[in-house]
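Visitor: Please show me the model. Then take me through it with questions and answers.

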Amino acid sequence: MSSIQWGVFQPDNARPHKAVINQRALQCVDMLPWPSRSPDLSPIEHVWDIIGRQFQRHPEPALIVPVLTHQVQQAWKFIPQTDIRHLCDTMHARLHACIQNSGGYTGY
């Protein structure tokens, strides 16, 4: 009987991904190798960075979860579509730069 493969996990070497409990839980999962000091190429990480910068400019920090949820939803809603398009359009160049630099710093 063959097993069904649902996906492949690509850890980004963040501390939570390196925790022993997570390593045990992921023993049965196909993993892609990832250089230890490589840039994060996931476009969603860049989107979260955009949201984080918006939060730094926010006049009042969220003190309760419903307020934080609302602030994140508002920040997400107002990300310019040109920023999202830029992340998609530069993916090929970012991957190429990562390969050229053997997984090291790319400037992106």
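Guide: Buried means under 20% relative accessible area, exposed means over 50%, and partly exposed lies in between, with a 1.4 Å probe and protein chains only. This is a predicted model: local features need pLDDT of at least 70, side-chain atom pairs count only at pLDDT 80 or more, and totals for chains, interfaces and linings use all residues. Residues are numbered from 1 along each chain as its sequence is written, and side-chain values use heavy atoms, with hydrogens and water left out.

Visitor: What percentage of the residues of the protein count as buried?

Guide: The protein has 108 residues. The share that counts as buried is 17%.

Visitor: How many helices and strands are there in the protein?

Guide: Helices (H or I, at least four residues) and strands (E, at least two) are DSSP runs, numbered from the N terminus. From that end the elements run α-α-α-α-α-α. The count is six helices and zero strands.

Visitor: Which residues form the aromatic pair?

Guide: Rings of Phe, Tyr and Trp (its six-membered ring) pair if their centres lie within 6.5 Å; planes under 30 degrees apart count as stacked, over 60 as edge-to-face and the rest as tilted. The structure holds one such pair. It is tilted, with 6.1 Å centre to centre and 55° between the planes, and its members are tryptophan 48 and tryptophan 76.

Visitor: Where in the chain do the two tryptophans of the pair sit?

Guide: The pair links distant parts of the chain, 28 residues apart. Tryptophan 48 is in helix 3 (residues 43-56), and tryptophan 76 is in helix 4 (residues 65-77).

Visitor: Does tryptophan 48 count as buried, partly exposed or exposed, and why?

Guide: Its relative accessibility is 43%. Tryptophan 76 also has 43%. Tryptophan 48 therefore counts as partly exposed.

Visitor: How is helix 3 oriented to helix 4?

Guide: Axes are lines fitted to C-alpha atoms, for helices over the stretch in contact, and angles run from 0 to 180 degrees between N-to-C directions. The axes of helix 3 and helix 4 come within 10 Å and cross at roughly 115°. Angles under 35 degrees count as roughly parallel, over 145 as roughly antiparallel, 65 to 115 as roughly perpendicular and the rest as oblique. So helix 3 is roughly perpendicular to helix 4.

Visitor: Which residues make the contact of helix 3 with helix 4?

Guide: Contact means heavy atoms within 4.5 Å. Helix 3 gives Ile44, Val47, Trp48, Ile51, Gln54 and Phe55. Helix 4 gives Leu68, Gln71, Val72, Ala75 and Trp76.

Visitor: How is helix 3 oriented to helix 5?

Guide: Helix 5 covers residues 81-89, and its axis comes within 10 Å of that of helix 3. The two cross at roughly 150°. So helix 3 is roughly antiparallel to helix 5.

Visitor: Which residues of helix 3 and helix 5 meet?

Guide: Helix 3 brings Pro43, His46, Val47 and Ile50. They meet Asp83, Ile84 and Leu87 in helix 5.

Visitor: Is arginine 94 buried or exposed, and why?

Guide: Arginine 94 lies in helix 6 (residues 91-100). Its relative accessibility is 2%, so arginine 94 counts as buried.

Visitor: Which residues does arginine 94 touch?

Guide: Residues up to four places away in sequence are not counted. That leaves Leu41, Pro43, His46, Leu87 and Tyr108.
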